[in-house]
Amino acid sequence: MRDKIVKYFKEILLFILLMTIFANILSLYRSNNLNKEALNISTVNLLHDKSYVLPKNEPILIHFWASWCPTCKVEAPNIQKISKNYNVLTIALKSGSDAEIEEYLKSRDLNFKVVNDIDGAITDKFSVSIFPTTIIYDKNGEVVFSDVGYTSTLGLWLRMWWTN
C-alpha cells in the first residue's frame, strides 16, 4: 500500500511540474507581443479622477485585468497581497463605471490602485490582449518581467524581490 501511495505522489508531483513548465512556456509565448518599451508615463488618473504619480527610481508592477475575466477574479487576492509591500498599479479594461469598479473591489475586499480604462486606450498602448497580464518594471522603467495569465502570490513576490 505504501508503494502505491509513493507512486501516486510521484506522479502528482511530476504532473504539477510539467503543468508549471507548460504554463510558463505559454506565458512566455503570449508575452512576446507586449510593448516592451521603457515605461514612459509618470502620472495617471485613478478612479474618480484621483491623480497618482508613479514612483521614480523604484520598481513597479502594472497589472491589467477586467471584472468580467474569471482568471482575474482568482488572481486579484494575489495582487492585493503584493500591493501591500510593493508599488502596484492596476488597469481595469472595460469593466464599467468608476462606481461599478469600486463596488467590485469593495465586494472582494480589494483596495489596490486602479485606472479605469473605459475605452481600452491604455491597454492598447501596452499591446495587452489577454487577461490578466502583469508587467514589472525596474527602477529605470525598463521591463524586467511580463506574465500573461494567472500568477501566484509567491511568483509575483519573487519577481518583485528580484527586481528590487
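This passage describes the overall make-up of a predicted model and then its local features.

The model is predicted, so local features are reported only at pLDDT of at least 70 and side-chain atom pairs only at pLDDT 80 or more, whereas totals for chains, interfaces and linings use all residues. Residues are numbered from 1 along each chain as its sequence is written, and side-chain values use heavy atoms, with hydrogens and water left out.

The secondary structure of the protein chain comprises five helices and seven strands. Helices (H or I, at least four residues) and strands (E, at least two) are DSSP runs, numbered from the N terminus. Read from the N terminus, the order of elements is α-β-β-β-α-β-α-β-α-β-β-α. Along the principal axes, the C-alpha atoms occupy a box of roughly 65 × 35 × 30 Å. The chain has 164 residues, of which 41% count as buried. Here buried means under 20% relative accessible area, exposed means over 50%, and partly exposed lies in between (1.4 Å probe, protein chains only). The chain exposes about 10,000 Å², and carbon and sulfur atoms supply 58% of this area. Accessible areas come from the Shrake-Rupley method with a 1.4 Å probe; for residues, only the protein chains shown count as cover. Among contacts with a separation of 6 or more, 70% join residues 24 or more positions apart. A contact means heavy atoms within 4.5 Å.

Helix α5 spans residues 153-163 and takes part in several of the features found. The structure holds one salt bridge, formed by D147 and R159, with the closest N and O atoms 3.3 Å apart. The term denotes a side-chain nitrogen of Lys or Arg within 4 Å of a carboxyl oxygen of Asp or Glu. This pair links distant parts of the chain, as D147 belongs to strand β7 (residues 143-148) and R159 to helix α5, 12 residues apart. Both D147 and R159 are buried.

R159 is one of the buried residues of α5, which are G155, L156, R159, M160 and T163. Viewed down the helix axis, the buried residues of α5 fall within an arc of 125 degrees, so they line one face of the helix. The arc is that of the directions from the helix axis to the C-beta atoms. In general, an α-helix has 3.6 residues a turn, so residues three or four places apart point the same way. L154 and W162 are exposed on the other side of α5.

A nonpolar surface patch is formed by V144, L154, W157, L158, W161 and W162, which together have about 660 Å² of accessible area. Patches consist of residues with over 30% relative accessible area and no salt bridge; like charges are joined within 9 Å, and nonpolar side chains (Val, Leu, Ile, Met, Phe, Trp, Tyr) within 5 Å. Helix α5 contributes the largest share of the nonpolar patch, with five residues. L158 lies in this helix and counts as partly exposed because its relative accessibility is 39%.

Y86 is placed in the loop between α2 (70-83) and β4 (88-93). With a relative accessible area of 15%, Y86 is buried. When neighbours within four places in sequence are left aside, Y86 is in contact with W157, M160, W161 and N164. The C-alpha atoms of Y86 and L39 are separated by 17 Å, the two residues being 47 residues apart along the chain.

One disulfide was found in a search of the whole structure. A disulfide is a pair of cysteine sulfur atoms within 2.5 Å. C69 and C72 form this bond, with their sulfur atoms 2.5 Å apart. The torsion about the S-S bond of C69 and C72 is about 80 degrees, so the disulfide is right-handed. C69 is buried at a relative accessible area of 5%, and C72 is buried at 2%.

Backbone features were found in loops. The peptide bond from F131 to P132 is cis, with omega near -5 degrees, and P132 is located in the loop between α4 (121-125) and β6 (133-137). S127 is also found in the loop between α4 and β6. Phi of S127 is positive, near 60 degrees, in a residue other than glycine; S127 is partly exposed, with a relative accessible area of 34%. N57 likewise has a positive phi, of about 60 degrees, although it is not a glycine. N57 lies in the loop between β2 (51-53) and β3 (60-65) and is exposed, with a relative accessible area of 61%.
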